[in-house]
Amino acid sequence: MKFRHAIFAAVLALAGCTTTEEAQQVIQSRWVGQPIDAFFTQYGPPISEYPLPNGTVIYTWRGGDKTRYIPPTYTMAEPARTVVRTETRQTGSGQTVTETRVIARDPGWGPEMISPPQYQELFCELQITAGKSRTIMTIRASNDTDGEGLSLSRCAEVLDAHPQT
């Protein structure tokens, strides 16, 4: 019964997560048609810009940079245990011999590392295209890492771009 509750809780947690695609839809609906300066005022300046001959500018924006530490994973430690084996056999002279052996596992045996500790860089990177009028024409996530905790989109967290439920 506990297992079913755990699965149900996991499904509910994942149902609340926002994916990159869902975040992108919210970001587009919020920002396409808005002044590029309004976006940069709210979230900070771009890291690069590439002007095109027709007056369009493609900006790269990055934000929400954070390093997440993931601790190492270990096997479960086995408790010390003792195994007792008793064997009975007949000798060539017809006598019955019983032998008992005690086999003990070393109580100092500890868990083994499955995966080492890691550091993950979390961030959101967008490509934003603005026309001559400095109005956003397109905006898309070009690089979106996982978010903190169970979130699937750092862009959703940084830009508060969670779909309405």
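Is Cys 155 buried or exposed, and what is its relative accessible area?

Author: The model under discussion is a predicted one. In it Cys 155 is buried, with a relative accessible area of 1%; the cut-off for that term is under 20%.

A disulfide joins Cys 155 to Cys 124, with an S to S distance of 2.0 Å, and the count of disulfides comes to one. The link between Cys 124 and Cys 155 is right-handed, with 95° about the S-S bond. Cys 124 belongs to strand β7 and Cys 155 to helix α4 (residues 154-158), so the pair ties together parts that are 31 residues apart in sequence. Cys 124 also counts as buried, at 0% relative accessibility.

Helix α4 also contains Arg 154. This residue counts as buried at 9% relative accessibility. Leaving aside neighbours within four places in sequence, Arg 154 is in contact with Cys 124 and with residues that include Leu 122, Phe 123, Gly 64, Lys 66, Asp 144 and Glu 148. With Glu 148 the contact is a salt bridge between side chains, at 3.4 Å from N to O. Glu 148 is partly exposed, with a relative accessible area of 34%, whereas Arg 154 is buried. A network of salt bridges links Arg 154 and Glu 148 with Lys 66 and Glu 157.

Strand β7 (residues 118-130) is joined to β8 by seven bridges, and the two run antiparallel. Across this pair, Ile 128 stands opposite Ile 139 in β8.

Not counting residues up to four places away in sequence, Ile 139 touches Phe 39, Leu 126 and Ile 128, and among its other contacts are Gln 24, Ile 27, Trp 31 and Val 32. In soluble globular proteins, nonpolar side chains tend to be buried together.

Charged pairs complete the account. The structure holds six salt bridges. In one of them, Asp 37 pairs with Arg 134, the closest N and O atoms being 2.6 Å apart. Asp 37 lies in helix α3 and Arg 134 in the loop between β7 and β8, so this pair ties together parts that are 97 residues apart in sequence. Asp 37 is partly exposed, at a relative accessible area of 41%, and Arg 134 is partly exposed at 35%. Another salt bridge is formed by Arg 62 with Asp 65, the closest N and O atoms being 3.0 Å apart; here Arg 62 is partly exposed, with a relative accessible area of 30%.

Technical notes: Residues numbered from 1 in each chain as written. Predicted model: local features only at pLDDT ≥ 70, side-chain atom pairs only at ≥ 80, totals over all residues. Heavy atoms only, no water. Pairing = 2+ DSSP bridges. Helix = DSSP H or I, 4+ residues; strand = E, 2+ residues; numbered from the N terminus. Disulfide = S-S within 2.5 Å. Buried < 20%, exposed > 50% of the residue type's maximum accessible area, 1.4 Å probe, protein only. Contact = heavy atoms within 4.5 Å. Salt bridge = Lys/Arg side-chain N within 4 Å of Asp/Glu carboxyl O.
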